Amino acid sequence: MLYTTKEQTFAGVRLQQTWSALFVLEKVLATNRPDLIIELGTGSGGLSHFFSLHAKTITFDKLNNVVKKIPEVVYNIADIFELADIAHIDELIKTNGKVFLFCDNGDKKREFVLFVPMLKKGDLVFVHDYGIEIHEKDIKATVSKYKLEPVEDEICDCAKTLLRGFRLP
Ligand SMILES: C[S@@+](CC[C@H](N)C(=O)[O-])C[C@H]1O[C@@H](n2cnc3c(N)ncnc32)[C@H](O)[C@@H]1O
């Protein structure tokens with residue numbers, strides 16, 4: 001139950017993470033205290049809600065399936081692989097302090113490789129569905145090129161979160 005990805009909610013709004021992922025993300029966000037959270041893939045919006053309690057949160061999805069919008073979250077209906085939207089995300093990363101980037105759209109490999117090079121020193125990136133939709137081989141070159149440091153990988157695995165996180169040194 002703790003580790004399934006069905007029927008979970010935050011504040012009553014559906015999210016597509018395991019319950020255990022919330023504990024782990026709580027630790028990561030409380031420890032690292034980002035200034036801005038960018039979520040790629042909003043879904044129903046439950047995770048955006050959770051994120052917004054930690055920092056200013058801007059979320060992107062090509063569909064509008066948010067069950068309950070809250071004023072603390074900026075919701076963008078956008079295809080994150082369109083040039084204008086890539087530029088928008090790049091600008092958000094450049095013009096804000098510490099960024100926490102959460103990759104959870106339909107093509108995690110592509111977004112990881114595309115957006116990680118935009119990150120600044122100290123920024124963090126987490127990707128969902130690690131080991132299912134995205135594997136070590138997909139990110140290895142990027143991790144090595146940018147010397148990404150793992151963040152809480154032991155508890156991510158131990159709590160079966162399907163998350164993998166890194167910090168840009
Ligand atoms: C797994 S859901 C996100 C779940 C949410 N992060 C959560 O934890 O509850 C993935 C979302 O990515 C969106 N998506 C897929 N391809 C996209 C793209 N190219 N641009 C923007 N959103 C995309 C889908 O519409 C879907 O809502």
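By class, the shell around the ligand holds six nonpolar, ten polar and five charged residues; here Ala, Val, Leu, Ile, Met, Phe, Trp, Tyr, Cys and Pro count as nonpolar, Asp, Glu, Lys and Arg as charged, and the others, Gly among them, as polar. The model is predicted: local features need pLDDT of at least 70, side-chain atom pairs count only at pLDDT 80 or more, and totals for chains, interfaces and linings use all residues. Residues are numbered from 1 along each chain as its sequence is written.

**Ligand surroundings**

- The ligand is surrounded by 21 residues, and the closest are L15, G41, G43, L47 and G106; a residue is near a molecule or strand if its C-beta atom, placed from the backbone, lies within 6 Å of it.
- At least two residues of this shell come from each of α2 (46-52) and β4 (56-61), where helices (H or I, at least four residues) and strands (E, at least two) are DSSP runs numbered from the N terminus.

**The sheet**

- Seven strands make up an open sheet with mixed pairing, in the order β5-β4-β3-β6-β7-β9-β8; two strands pair if DSSP finds at least two bridges between them.
- β5 (73-77) and β8 (149-150) stand at the edges with a single partner strand each, so one side of each has no neighbour in the sheet.
- Strand β3 (residues 36-40) is largely enclosed by the rest of the structure, because four of its five residues are buried. A residue is buried if 20 or more other C-beta atoms lie within 10 Å of its own, exposed if 12 or fewer, and partly exposed in between, with C-beta atoms placed from the backbone.
- β3 and β4 run parallel and are joined by five bridges, with E39 opposite T59 in β4.
- The chain passes from β3 through α2 to β4 in a right-handed β-α-β crossover; right-handed means that, with the strands pointing away from the viewer, the path from the first strand over the helix to the second runs clockwise.
- β3 also pairs with strand β6 (residues 99-103) in the parallel sense over five bridges, and E39 stands opposite F102 in β6.
- Strand β7 (residues 124-128) and strand β9 (residues 163-167) pair in the antiparallel sense, again over five bridges, and V127 stands opposite R164 in β9.

**Helices**

- Helix α3 (residues 83-95) packs on the sheet, touching β3, β4 and β6, and its direction makes about 160° with that of β3. Axes are lines fitted to C-alpha atoms, for helices over the stretch in contact, and angles run from 0 to 180 degrees between N-to-C directions.
- Helix α5 (residues 136-145) is hardly covered, with one buried residue among its ten.

**Individual residues**

- Most residues other than glycine have a negative phi.
- K147 follows α5 and lies in the loop between α5 and β8; its phi is positive, near 50°.
- K147 is exposed, with 10 other C-beta atoms within 10 Å.
- A11, in the loop between β1 (9-10) and β2 (13-14), is not a glycine but has a positive phi of about 50°.
- A11 counts as exposed, because 12 other C-beta atoms lie within 10 Å.
- L2 is found in the segment before β1 and is exposed, with 11 C-beta neighbours inside 10 Å.
- Leaving aside neighbours within four places in sequence, L2 is in contact with T18, W19 and S20; contact means that two C-beta atoms, placed from the backbone, lie within 7 Å.
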